[in-house]
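Hi,

Here is the structure I promised to pass on to you. Please open it alongside this note, and my findings follow below.

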Amino acid sequence: MSEILPLSRLVYRGKKPFIFVSYPHKYNEKNNNIINDIVRLFYSNYYRIWNDAGCDDGRPYDVVLDEKLSDCACMIAFISSETNSSDDCKIELETARGLHKPIIIVKMEDDFQMGYILRKLLFGLSLFEFSKFNAPEALVSVLCTQTMLDECRDTERLEELRNS
């Protein structure tokens, strides 16, 4: 990518199916914003994505999160040791499970112990371990093969590029 766009510019704001991205901000900040880079890779692969960088329209945070969790087609949750202490991440996971949303889990750290609530929330979900991939691009390449993400592909934006 030639220009690094702020996440707020990449957030999908329409009515078509999109991926809700959940992650602990503390982990992202401590690790050179790796999750931001992964979100940008999804965008560059023509996926409609949403994360809380889209909570910028003046409405209460919890109202926007509830709406986006209800409207999303699926969730990708990036988990780490910080997830155990992140009420927001646990609420997002619990809400998505309650709404029967397809969820992909990406475990960002090998050596963290999941607390009981987190283990319960993640039971039975698809889990990918970030350390098994040699780069964020490799992870995104594999995640893009998951059929639950197909409807979130922005084929119109892809066609515009092909026709330009």
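**Aromatic pairs, sheet and cores**

Tyr12 is buried, at a relative accessible area of 17%, where buried means under 20%, exposed over 50% and partly exposed in between, with a 1.4 Å probe and protein chains only. Before going on, the ground rules: this is a predicted model, in which local features need pLDDT of at least 70 and side-chain atom pairs count only at pLDDT 80 or more, while totals for chains, interfaces and linings use all residues. Residues are numbered from 1 along each chain as its sequence is written, and side-chain values use heavy atoms, with hydrogens and water left out.

The structure has three aromatic pairs (ring centres of Phe, Tyr or Trp, the latter by its six-membered ring, within 6.5 Å; planes under 30 degrees apart are stacked, over 60 edge-to-face, the rest tilted). One of them joins Tyr12 to Phe18: the centres are 6.1 Å apart and the planes at 40°, so this pair is tilted. Phe18 is buried too, at 2% relative accessibility. Phe42 and Tyr47 form an edge-to-face pair, because their planes meet at 85°, with centres 5.8 Å apart. Phe42 is buried at 3%, and Tyr47 is buried at 3%.

Two rings have a charge over the face (NZ of Lys or CZ of Arg within 6 Å of the ring centre and within 35 degrees of the ring normal). Arg157 lies over Tyr43 at 3.9 Å from the ring centre, and Lys107 over Phe112 at 5.5 Å.

Now the sheet. Pairing here requires at least two DSSP bridges. E1 and E2 pair over two bridges, and Phe20 stands opposite Trp50 in E2.

Finally, the cores (buried Ala, Val, Leu, Ile, Met, Phe, Trp, Tyr and Cys joined through side-chain atoms within 4.5 Å). The largest nonpolar core has 31 residues, and those with the most contacts inside it include Ile19, Ile38 and Phe42. Helix H1 (7-10), strand E1 (19-22) and helix H3 (34-44) are among the elements giving two or more residues to this core. H3 supplies its largest share, six residues.

Best wishes

Conventions. Helices (H or I, at least four residues) and strands (E, at least two) are DSSP runs, numbered from the N terminus.
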